[in-house]
Amino acid sequence: MDQHRQHDRILILDYGSQYTQLIARRIREERVYCEIHPPTHGLDWIREWNPNGIVLSGGPSSVYGTDGPTADPELLRMGIPILGICYGMQLVAHLEGAEVEQGRREYGRAELTIVEPDELFDGFDPAEPTTVWCSHGDHVDAPPPGYRMLASTPTLPVAAFRAEDREVYGVQFHPEVAHTPRGEEVLSNFLFKICRCTPTWTAGAFIDETVAQIREQVGDRATVCGLSGGVDSSVAATLVYRAIGEQLTCIFVDNGVLRKGEREAVERTFRKHMGMRLIVVDARAEFLRALEGVTDPEAKRVAVGNTFIRVFERVAEEEGTDAGFLVQGTLYPDVIESLAVRGPSATIKTHHNVGGLPEEMHFALVEPLRELFKDEVRQVGRELGLPEEFVGRHPFPGPGLAIRVLGEVTEERLHVLREADAIYLEEIRAAGLYDDIWQAFAVLLPVRSVGVMGDARTYEDVVALRAVTSRDGMTADWYHFPHEVLARISTRIINEVAGVNRVTYDISSKPPATIEWE
Ligand code: XMP
């Protein structure tokens, strides 16, 4: 709870909306620190957390449902500004004695008219309706006693309200989504005009505080860092190196589920650009043994996660480092998606560096990026002076190709995937598209298909190609490749990779799909 105390901070209580993460993103883009927490914390906890303002997120429940998450009515009287969004607004209305109308679903755009000027809508012209985006089943027809209506839409008599004597607000629309074009202004008004926050949350401030905090946490103990060569672990390692210098040893494990040429490339760039001690371990056989016969995606993550820790422990012991700490590049979305911090929402995937750790291990964790989103990590990396070839790299998951060879992971299937994936990325780079794409990779499907090659029937593997655009991996759209690039990639893979006779391109967005197939 102590880190980043000196910044003004917003507490987001998560009632299970798919947009809660977006609220956090938008607030941080305004350079205000915020965290997402479940709505089950008591008032004492909230007082101790000391927010400058609280956002109550949307959510799938109804305030009249038996298991709908709620709030202590006193929350609205703590003297802390509150903004309820969608379900959050209905909850405020319900706690304050208003009726919440049920069952008229409304999705999509609406025209919002400001009916009473207020700081929340500062800069908006009552004579000019503005487009907002709604997604709700319930709504409020009349404000609770002691509240005033601020805005309406043609179908919503009360699209926004506020308490007359306190800074407690509700909006029925979603200011956090891109489809509400002036949503940023509404959030910014809440942050700066109502909560009176100062925008101090910057990459530079983050680096200074985190370096100091790591020094305090680690003391003079030796520390190891599991380096993957990706952005997150490189930035995490650099931060820790800055904090404790030679106490840090980086370990790069070849776990047998890396991409073609990756081990060599990471070793080369790391030795060239970073000053820290690096040990490269070949643990391919050990990982493949742990993955033998495993087909379930979550079980693969656990197998890889556990083996990582065992390898680290062994290497640290062999090196006589007596390391007390292990650095990991865990990000905020990993934490949230894995642990279902959001009380009512579901665990999507246990990303290996959070969910797949063994119950008992010899290390305490140092996770300096635990509060950051991916694009914030890139900003920090640039601020730390890391070369663009690190900072701009596509993300690569910890369990690596193990979750891209669907079904059982074998040496032979890994080989097929590696070759196809290498051609794919080579062609993307050659076409100058690498930086337009957030992440691109090949997947080896667990099916075979019939083909014909040189007059003969073939019955071989199918490779799916995935490429997405995204800001932070939380939502993603499939990348619209020029057709000639796809054609070239497909021809090359089928001609050059033995055992593959068909290539498909994945055109699913996230949600409802995820970026990885497993
Ligand atoms: P999904 O598939 O959940 O992926 O849409 C979002 C981002 O996370 C990466 N990913 C992982 N990273 N361990 C990781 O370190 C994991 O188990 C894992 N699963 C997915 C994925 O590559 C994408 O960038």
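This is a predicted model: local features need pLDDT of at least 70, side-chain atom pairs count only at pLDDT 80 or more; totals for chains, interfaces and linings use all residues.
Me: How many of the 518 residues are buried, as a percentage, and what share of the contacts with a separation of 6 or more joins residues 24 or more positions apart?
Reply: Buried residues make up 59% of the 518 residues, and 75% of those contacts are between residues 24 or more positions apart. The accessible surface comes to about 21200 Å², with 48% of that area belonging to carbon and sulfur atoms.

Me: How many positive and negative side chains does the protein have, and how far apart are the centres of the two sets?
Reply: There are 52 positive and 80 negative side chains, and the centres of these two sets lie 4 Å apart.

Me: Why is Ser-228 called partly exposed?
Reply: The relative accessible area of Ser-228 is 36%, and partly exposed is the term for values between the buried limit of under 20% and the exposed limit of over 50%, so Ser-228 is partly exposed. Ser-228 is found in the loop between strand S10 (223-227) and helix H6 (231-244).

Me: How do you know that the side chain of Ser-228 makes a polar contact with Gly-230?
Reply: A polar atom of the Ser-228 side chain lies 3.1 Å from the backbone nitrogen of Gly-230, and a polar contact needs a pair of N or O atoms within 3.5 Å, so this pair meets the distance limit. Leaving aside residues up to four places away in sequence, Ser-228 also touches Ser-233, Phe-252 and Val-266. The C-alpha atom of Ser-228 is separated by 8.9 Å from that of Asp-254, which is 26 residues away along the chain.

Me: Why is Thr-20 called buried, and which backbone oxygen does its side chain reach?
Reply: Thr-20 has a relative accessible area of 0%, and buried means under 20%, so Thr-20 counts as buried. Thr-20 is found in helix H1 (residues 20-29), and its side chain reaches the backbone oxygen of Ser-17 at 3.1 Å.

Me: Why does Cys-86 count as buried, and what is stated about its phi?
Reply: The relative accessibility of Cys-86 is 4%, and the limit for buried is under 20%, so Cys-86 counts as buried. Cys-86 has a positive phi of about 55° although it is not a glycine, and this residue is found in the loop between strand S4 (82-85) and helix H3 (87-95). Asn-50 is likewise not a glycine and has a positive phi, of about 60°; Asn-50 is found in the loop between helix H2 (43-49) and strand S3 (53-56).

Me: What kind of peptide bond joins Lys-510 and Pro-511, and what kind joins Pro-511 and Pro-512?
Reply: Lys-510 and Pro-511 are joined by a cis peptide bond with an omega of about -15°, and a cis peptide bond with an omega of about 10° joins Pro-511 and Pro-512. Pro-511 is found in the segment after strand S18 (500-505), and Pro-512 is also found in the segment after S18.

Technical notes. Residues are numbered from 1 along each chain as its sequence is written. Side-chain values use heavy atoms; hydrogens and water are left out. Buried means under 20% relative accessible area, exposed over 50%, partly exposed in between (1.4 Å probe, protein chains only). Contact means heavy atoms within 4.5 Å. Accessible areas come from the Shrake-Rupley method with a 1.4 Å probe; for residues, only the protein chains shown count as cover. Lys and Arg count as positive and Asp and Glu as negative; His and the chain ends are not counted. The place of a charge is taken as NZ of Lys, CZ of Arg, CG of Asp or CD of Glu. Helices (H or I, at least four residues) and strands (E, at least two) are DSSP runs, numbered from the N terminus. A polar contact is a pair of N or O atoms within 3.5 Å; within protein, one must be able to donate a hydrogen and the other to accept it, and residues adjacent in sequence count only if both atoms are side-chain atoms.
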